[in-house]
Amino acid sequence: MASVPPDDVMTRTSDAPDAVLRYAAHDDGLVDVHLPAERLRGRRPRPLVVNVHGGFWRQEYDRVPARPFAHGLVAAGFVVANLEYRRGPGGWPATAEDLDSALAALPGLLAGIGVETTSVTLTGHSAGGHLVLWLANQPHAVDRVVALAPVGNLRAAVAHEMGAGAAASFLGGTPDELPEVYDAADPATRMRTRPDAAVVVVHGDRDDDVPVESSRGLAARFDWLDYRELPGADHFDVIDPRSSWWTSVLDAVRG
């Protein structure tokens, strides 16, 4: 199987969303809504995917590069809500507050534009994978969580200096300095209480950005986790509808 160059999916031109909705008053309190063509003609309700983009929680990475991923899901029949959120150094807990607010507001926002949905699946890539794993233990009506190449263990991320110290920057310090913050933010700790939603982790074994050992460790820690490793896939193959592994990603999302 062949990978698509990673800068291709991150810079690929993609259609604008069908609607942009606001869930909070600040600049990043937005969600792009992408609709299947038949949904635009007023046909039946569709399953909803709420996507949380990655970028190591840094401000310079926003939801726009996730649009090809969203359109790939739309082509498979999903309604997709692609979230923006506050991020950057010291972004926690504002990021968490935004995710909770967005999920709480989404049903009303979608109803306001005449969109009906059925099941709710959360997807997130890289740092977005961390965030959807965190959301798995929040009190939202979610059926499925699919984390793609996630930063699923924040203490390990700090120890291995993933993203040039991104986790410590995001949380405002190291695990030794802020143990309670890490306990509150880290899925590797929080998921000791098994979430009600089904949780799937998908990771390529040629990932140079978030090493696959991180997700292997989660799978070893939580035997109920549905862990799917993709031989030959890199960090961006798991969000690229043009990659050879896209069918495997869709299988994980569909359940």
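Colleague: Leaving aside neighbours within four places in sequence, which residues is arginine 67 in contact with?
Modeller: Arginine 67 touches Ser14, Asp15, Ala16, Pro17, Asp32, His34 and Asn82. Please keep in mind that this is a predicted model. Arginine 67 itself sits in helix 3, which covers residues 67-75.

Colleague: Is arginine 67 called buried or exposed, and what is its relative accessible area?
Modeller: Its relative accessible area is 16%. Buried means under 20%, so arginine 67 is buried.

Colleague: Helix 3 also holds phenylalanine 69. Why does phenylalanine 69 count as buried?
Modeller: The relative accessibility of phenylalanine 69 is 3%, and the cut-off is under 20%. Phenylalanine 69 therefore counts as buried.

Colleague: What makes phenylalanine 69 and tryptophan 246 an edge-to-face pair?
Modeller: Their ring centres are 5.8 Å apart, and rings pair if the centres lie within 6.5 Å. Their planes stand at 90 degrees, and angles over 60 count as edge-to-face, so the pair is edge-to-face. Phenylalanine 69 in helix 3 and tryptophan 246 in helix 11 (residues 246-254) are 177 residues apart, so the pair links distant parts of the chain.

Colleague: Why does tryptophan 246 count as buried?
Modeller: At 10% relative accessibility, tryptophan 246 falls under the 20% limit, and therefore counts as buried.

Colleague: What puts the buried residues of helix 10 on the same side?
Modeller: The buried residues of helix 10 (residues 213-221) are Ser214, Ser215 and Leu218. They cover an arc of only 90 degrees around the axis, which puts them on the same side of helix 10. The face turned away from that buried side carries the exposed residues Glu213 and Ala220.

Colleague: What covers the buried residues of helix 10?
Modeller: The cover includes helix 5, helix 9 (187-190), strand 7 (198-204) and strand 8 (226-230).

Key
Residues numbered from 1 in each chain as written. Predicted model: local features only at pLDDT ≥ 70, side-chain atom pairs only at ≥ 80, totals over all residues. Heavy atoms only, no water. Helix = DSSP H or I, 4+ residues; strand = E, 2+ residues; numbered from the N terminus. Buried < 20%, exposed > 50% of the residue type's maximum accessible area, 1.4 Å probe, protein only. Contact = heavy atoms within 4.5 Å. Arc of directions from axis to C-beta. Phe/Tyr/Trp six-rings, centres within 6.5 Å; stacked < 30°, edge-to-face > 60°.
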